[in-house]
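Me: I am new to this structure and would like to understand what stands behind the words used to describe it. Please take me through it carefully.

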Amino acid sequence: MTKHKQGWTPLQIATHIGAFIPLIVLAWDFWFGSPTSPLMINPFQEVTFRTGKTTLVLLMLTLAVTPINIVFGIKQVLPLRKPLGNYTFMYGVIHFLIFIVDNGYVDNTIDFMAVYQATFEKRFAYVGFTALMIMLPLALTSNRWAMRHLRKNWKRLHRIVYAAGIAGVIHYVWLVKSDIRQPLAFGALLILLLVIRVPAVRRTIINFRRGLTGQSQAVVGGA
Amino acid sequence: MTDIKSSEITPEHIYLNRRKFMVGIGALAASSAVLAACGPAGQTAAPENSDGASQAEAIAAVSAETDELGDELTTYEAVTNFNNYYEFSTDKEGVAPLAKSFDPEPWKVEVGGLVNNPKTYDIDDLRTKFDQQERIYRLRCVEAWSMVIPWMGFPLAEILKEVEPTSDAKYVRFETVYRPEQMPGLGSPWYTWPYAEGLRLDEAMNDLAIAATGLYGKNLLPQNGAPIRLVMPWKYGFKSIKSIVKIELVDYQPTSLWMDAAPNEYGFYANVNPEVDHPRWSQATERRIGEFGRRKTLPFNGYAEQVAHLYDGMDLRVNF
């Protein structure tokens, strides 16, 4: 890891602000939105959809950081991976909390059994829950203290984010009715982002890019 | 469905207070869980004024503010803006704007097939010939949300009796209008258009089964299936086919659009049944639009007394 620098780059500031935009838009729509919008008519469903979509988009952005550096050589994006990962987890937690309240309050009583059933008896919910549980240790170890103590294992541990990505996309595919174009688009993007990381592919891309920019030194090892 | 004691009708001031409560609670749901920093929930009252006024007008056109179980009517605004109508859009909020350019008149409904007396009705004939009754029904969507809607319409049996089904007629098949130029959703390759639905003849003859031409005392709007639609209150909403142009008596079980699109998820009967889950989600509970908590789903959507006998001896898990 590179040495920690003081102050944030404009990209980092933009990331932190951007991560709150979905929540700001949500608040805006609650305050000023039309009373006939789905958010006002069926708020639980709409908030669940929006936070879920945001989680998935942020997860893809997190997974896009390394490929952006590989393909375009833009090192400045690397420090964005940590906040993007953490915001992914934050939205995932909000998404799940709303799901719990949505399913757990039935006939004016708190119904834990209903939450349990909603989470574990339907495959789309279960795989979504799995994605969140995969991200939990990643969020907990997303700090320099954990990096120091886990050493090599930190990187190994954080590779399970790929599994979270796969689980997240499956969660979306299994949820939709029949027009699965959008979930499949996420799936295609995920595959692309994972393939670029394959060492042989990565080397080929970096060497090709360096050839274009006139740098002659070939990359042999993994980065 | 209209025999409701006056003591069961919620007085208007209580009704309006409840509405305020619901609107507040909707905001609270988000603000407490998500937006703790965004301020007091009560301040969302702004849109309620216009909303509340038009609801009062809408309520004035109906005979009761609740169904026979005492459940409040869903607001006119929710009923006319939160719609599943894939011929226009798969987004519920996208239907009403796109449906504005749909012409529900002139309109003809062709009734034929295995009948002695095939007929083509003009929509005006249907509105005047058959006595339009108010029916306050719960509508339970297969997606686990529900509404209470004051329909105007007449028993489907009245049309069927007039055309005289032959002894070979066992089922009724319905078809929605196909107008790609006015219904952009018809371009979707995921479904076999036009929308089709089917009923067993005895289901279609049941007194609860109506052909609806209006709601809240007005003619149906395009997003609600203008000018005429089916309403089958004990079945999931998708059975209540909209904008009908064709009714055909047949001797085979019709295949509906949803049976065709996802046969493991949507069956021919599609009776509301909390015991039989959708493969992707539970049907045990539902969210009544406008309420904070969920409620338990009732067998046959609360109409078991009137319709359960139609399915005596049938395995409802198999015939879902």
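**Where the chains meet**

Reply: In this predicted model, 33 residues of chain B are in contact with 34 residues of chain A. Local features need a pLDDT of at least 70 and side-chain atom pairs count only at pLDDT 80 or more, whereas totals for chains, interfaces and linings use all residues. Residues are numbered from 1 along each chain as its sequence is written, while chains are lettered from A and ligands numbered from 1 in the order in which they are written.

Me: What makes two residues count as being in contact?

Reply: Their C-beta atoms, placed from the backbone, must lie within 7 Å; by that test, 34 residues of chain A are in contact with 33 of chain B.

Me: Which elements of chain B supply at least two residues each of the side that touches chain A?

Reply: They are α1 (12-33), α3 (76-81), α4 (92-99), β11 (285-288) and β12 (295-296) of chain B, and the largest share, 5 residues, comes from α1(B). These names follow DSSP runs numbered from the N terminus, helices being H or I with at least four residues and strands E with at least two.

Me: How are the residues on that side of chain B divided into nonpolar, polar and charged?

Reply: There are 16 nonpolar, 8 polar and 9 charged residues, where Ala, Val, Leu, Ile, Met, Phe, Trp, Tyr, Cys and Pro count as nonpolar, Asp, Glu, Lys and Arg as charged, and the others, Gly among them, as polar.

**Confidence**

Me: What is the confidence in chain B, and where is the pLDDT below 50?

Reply: On pLDDT, the predictor's confidence in each residue from 0 to 100, chain B averages 86, and 83% of the residues score at least 70. The pLDDT is below 50 over residues 6-52 of chain B, although this stretch has 60 contacts in the model beyond near neighbours in sequence. For the complex, the predictor gives an ipTM of 0.80 and a pTM of 0.82.

**Strands of chain B**

Me: Why are β1(B) and β10(B) called paired?

Reply: Two strands pair if DSSP finds at least two bridges between them, and 4 bridges join β1 (residues 108-113) to β10 (residues 244-250) of chain B, so the pair meets the definition. These two strands run parallel, and Gly112(B) stands opposite Glu248(B) in β10(B). Strand β5 (residues 171-176) of chain B pairs with β10(B) in the antiparallel sense over 6 bridges, and there the bridge partner of Val172(B) is Leu249(B).
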